[in-house]
Amino acid sequence: MKKNLMWIIITVLSIALFIGAYLLYNRLKDDYAPSSLAPVSTTQEAAQPSESTEAIETAPDFTAEDENGNPIKLSDHFGKPIVLNLWASWCPPCKSEMPYFQTAYEENPDIQFLMVNMTSGDSMEDAKAFLAENGYTFPVLFDINSEAAIAYGASSLPMTIFIGQNGAIVTYAVGALSAESLNEGIDMIKNAAE
């Protein structure tokens with residue numbers, strides 16, 4: 001009888017703990033969700049979003065491979081505003097934002113999209129299969145040697161960097177973007193280009 005009572009108490013406490021954690025998560029999730037866009041700062045402190053489109057930091061260069069194994073440098077695309085996205089096929093938030101990137105790619109021929117797969121932690125086959133299954137046509141590079149990941153300190157995916165035509169970072173985001181945030185970043189690099 002004591003054993004049964006102990007199991008009942010443990011079960012009730014476990015359920016209460018689960019419900020409490022669920023309620024706490026729902027109450028705090030919006031306060032701790034990743035912000036959409038952060039302006040570039042010369043310090044390492046977290047920055048608050050602003051309307052400024054002044055770019056102050058040159059985008060670190062890296063080399064990745066296209067689907068045919070040809071080396072492509074980020075700096076080869078300077079001269080045109082760039083949306084640089086670091087992603088992986090195993091990453092659910094990365095997958096959730098891909099339709100927005102496809103739409104933005106189709107609607108913005110004046111912007112260079114570079115969707116860089118973190119291939120060192122993914123596989124090229126899985127990435128290509130994911131892209132083909134979903135009909136994505138934006139340009140994809142494969143970060144086989146982790147150069148892009150290291151250059152941008154990508155400890156969390158997805159990560160999107162908005163680069164002006166002069167090669168300077170205008171803003172960036174860590175975490176999945178909404179369509180609105182993606183378009184906001186694109187507007188910022190278009191304005192920086194003027």
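# Reading contacts, bonds and burial

User: Which residues is T160 in contact with, leaving aside its neighbours within four places in sequence?

Analyst: Contact means heavy atoms within 4.5 Å. Leaving out neighbours within four places in sequence, T160 is in contact with V83, L84, N85, E97, F101, Y172, A173 and L177. Before we go on: this is a predicted model, where local features need pLDDT of at least 70, side-chain atom pairs count only at pLDDT 80 or more, and totals for chains, interfaces and linings use all residues. Residues are numbered from 1 along each chain as its sequence is written, and side-chain values use heavy atoms, with hydrogens and water left out.

User: Where does T160 lie, and is T160 buried or exposed?

Analyst: T160 lies in strand β8, residues 159-163. Helices (H or I, at least four residues) and strands (E, at least two) are DSSP runs, numbered from the N terminus. As for burial, under 20% relative accessible area is buried, over 50% is exposed, and in between is partly exposed (1.4 Å probe, protein chains only). T160 has a relative accessible area of 0%, so T160 is buried.

User: What joins the side chains of T160 and N85?

Analyst: That's a polar contact of 2.8 Å. The term covers a pair of N or O atoms within 3.5 Å; within protein, one must be able to donate a hydrogen and the other to accept it, and residues adjacent in sequence count only if both atoms are side-chain atoms. For another spacing, take T160 and V116: they're 44 residues apart along the chain, with 9.9 Å between their C-alpha atoms.

User: Let's zoom out. How many helices and strands does the chain have?

Analyst: There are 5 helices and 9 strands. Going from the N terminus, the elements run α-β-β-β-β-β-α-β-α-β-α-β-β-α. Of the chain's 194 residues, 38% count as buried. If you take the contacts with a separation of 6 or more, residues 24 or more positions apart account for 71% of them.

User: How many disulfides does the structure hold?

Analyst: A disulfide is a covalent bond between the sulfur atoms of two cysteines. The cut-off here is a pair of cysteine sulfur atoms within 2.5 Å. The structure holds 1 disulfide, formed by C91 and C94 with their sulfur atoms 2.4 Å apart. The link is right-handed, with 75 degrees about the S-S bond. C91 is buried at a relative accessible area of 2%, and C94 is buried at 0%.

User: Which side chains meet in a salt bridge?

Analyst: The test is a side-chain nitrogen of Lys or Arg within 4 Å of a carboxyl oxygen of Asp or Glu. A search of the whole structure finds 1: the side chains of K73 and D61 meet at 3.8 Å, N to O. K73 lies in strand β4 (residues 71-73) and D61 in the loop between β2 (57-58) and β3 (63-65), so the pair ties together parts 12 residues apart in sequence. Both ends are partly exposed, K73 at 37% relative accessibility and D61 at 35%.

User: Which residues does a cis peptide bond join?

Analyst: L157 and P158, with omega at about -5 degrees. P158 lies in the loop between α4 (147-151) and β8.

User: And where is S89 placed?

Analyst: S89 is in the loop between β5 (82-87) and α2 (92-107). At 8% relative accessibility, S89 counts as buried. Leaving aside neighbours within four places in sequence, S89 is in contact with K95, N117, D122, D126, A127 and F130.
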